[in-house]
Structure formats: C-alpha cells, structure tokens
Amino acid sequence: NCDVEWTTVNGVKGRKFTGKDAYSSNSVFLPAAGYCYGVNVEGKDYYGYYRSSTPHIHSADYLEFYPGGQKLEYNIGRYRGFSVRAVLAE
C-alpha cells in the first residue's frame, strides 16, 4: 500500500517507497546495491535485494526490485550477500 518510484538520491540509484493517505509523509529509499556472490558484486545500480526478517532453514524470503518493478520472492539461499536494512526500534 505505497507509491513506488525508481529514482536517484545523492548519485545512488534505487527505489523510493512512500506511504499513502495518513502515511504519505513517510518514505524509505532502498539503494540498488545488487548482491554479493563469492567475491563478485552482481547487479549493482540495477537490482536491489533485501531480505525479510523471517529465515527458513537454509533460505530466506526477500524483496527484489529493478527499474521496471518489484516483487516478493521466497526461499533464496542465505549464502548470497543480500542487503539488510537496519531498523531503529523506539
């Protein structure tokens, strides 16, 4: 339930997620950081991969985005170096 746009913030490409209605003043920008596989970084500036907080035995769910859209995916191996968005609990 948010508006989503592909944008560049301070020279970094990524997706901005903005709340609707009463939450329209809240947004978060997630950089298109790609992912690490071994010593290589793949998809930087084009793909963003962010893990959920719910792990499975050998995998995890994640958000994937790119210039044309976004989707939730399930059960990717946790050995891939996906980004983690830190959240401040108040």
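Tutor: Before we start, one definition: a residue is buried if its relative accessible area is under 20%, exposed if over 50%, and partly exposed in between, using a 1.4 Å probe and protein chains only.

Student: Okay, how much of the protein chain is buried then?

Tutor: Buried residues make up 27% of its 90 residues. Keep in mind that this is a predicted model, where local features need pLDDT of at least 70, side-chain atom pairs count only at pLDDT 80 or more, and totals for chains, interfaces and linings use all residues. Residues are numbered from 1 along each chain as its sequence is written, and side-chain values use heavy atoms, with hydrogens and water left out.

Student: Got it. How many helices and strands are there?

Tutor: Zero helices and eight strands. Both are DSSP runs numbered from the N terminus: helices are H or I with at least four residues, strands are E with at least two. Along the sequence the pattern reads β-β-β-β-β-β-β-β.

Student: Which strands make up the open sheet?

Tutor: Three strands, in the order β1-β2-β3, with antiparallel pairing. Two strands pair if DSSP finds at least two bridges between them. β1 (2–9) and β3 (27–31) are the edge strands, each pairing on one side only.

Student: And what holds paired strands together in general?

Tutor: Strands of a sheet pair through backbone hydrogen bonds, either parallel or antiparallel.

Student: How many bridges are there between β1 and β2?

Tutor: Eight, and β2 covers residues 12–19. For example, D3 stands opposite T18 in β2, while V9 has V12 as its bridge partner.

Student: What do β1 and β2 form together?

Tutor: A hairpin, with two residues between the strands. N10 sits in that loop, and its phi is positive, near 50°, though N10 is not a glycine.

Student: Is N10 buried or exposed?

Tutor: Exposed, because its relative accessible area is 78%.

Student: Where is D45, and what's its phi?

Tutor: D45 is in the loop between β5 (40–42) and β6. Its phi is positive too, at about 70°, and D45 is not a glycine either. With a relative accessible area of 32%, D45 is partly exposed.

Student: New topic! How many aromatic pairs are there?

Tutor: Eight. The rule is that rings of Phe, Tyr and Trp (its six-membered ring) pair if their centres lie within 6.5 Å; planes under 30 degrees apart count as stacked, over 60 as edge-to-face and the rest as tilted.

Student: Why do Y35 and Y49 count as edge-to-face?

Tutor: Their ring centres are 5.2 Å apart and their planes are at 90°, so the pair is edge-to-face. Y35 lies in β4 (residues 35–37) and Y49 in β6 (residues 48–55), so the pair ties together parts that are 14 residues apart in sequence.

Student: Are those two buried or exposed?

Tutor: Y35 is buried at 17% relative accessible area, and Y49 is buried at 10%.

Student: Which residues do ring pairs link into a cluster?

Tutor: Y35, Y46, Y47, Y49, Y62 and Y66.

Student: Last one: how many disulfides?

Tutor: Zero in the whole structure, where a disulfide means a pair of cysteine sulfur atoms within 2.5 Å. As for cysteines, C2 is partly exposed at 32% relative accessibility, and C36 is partly exposed at 36%.
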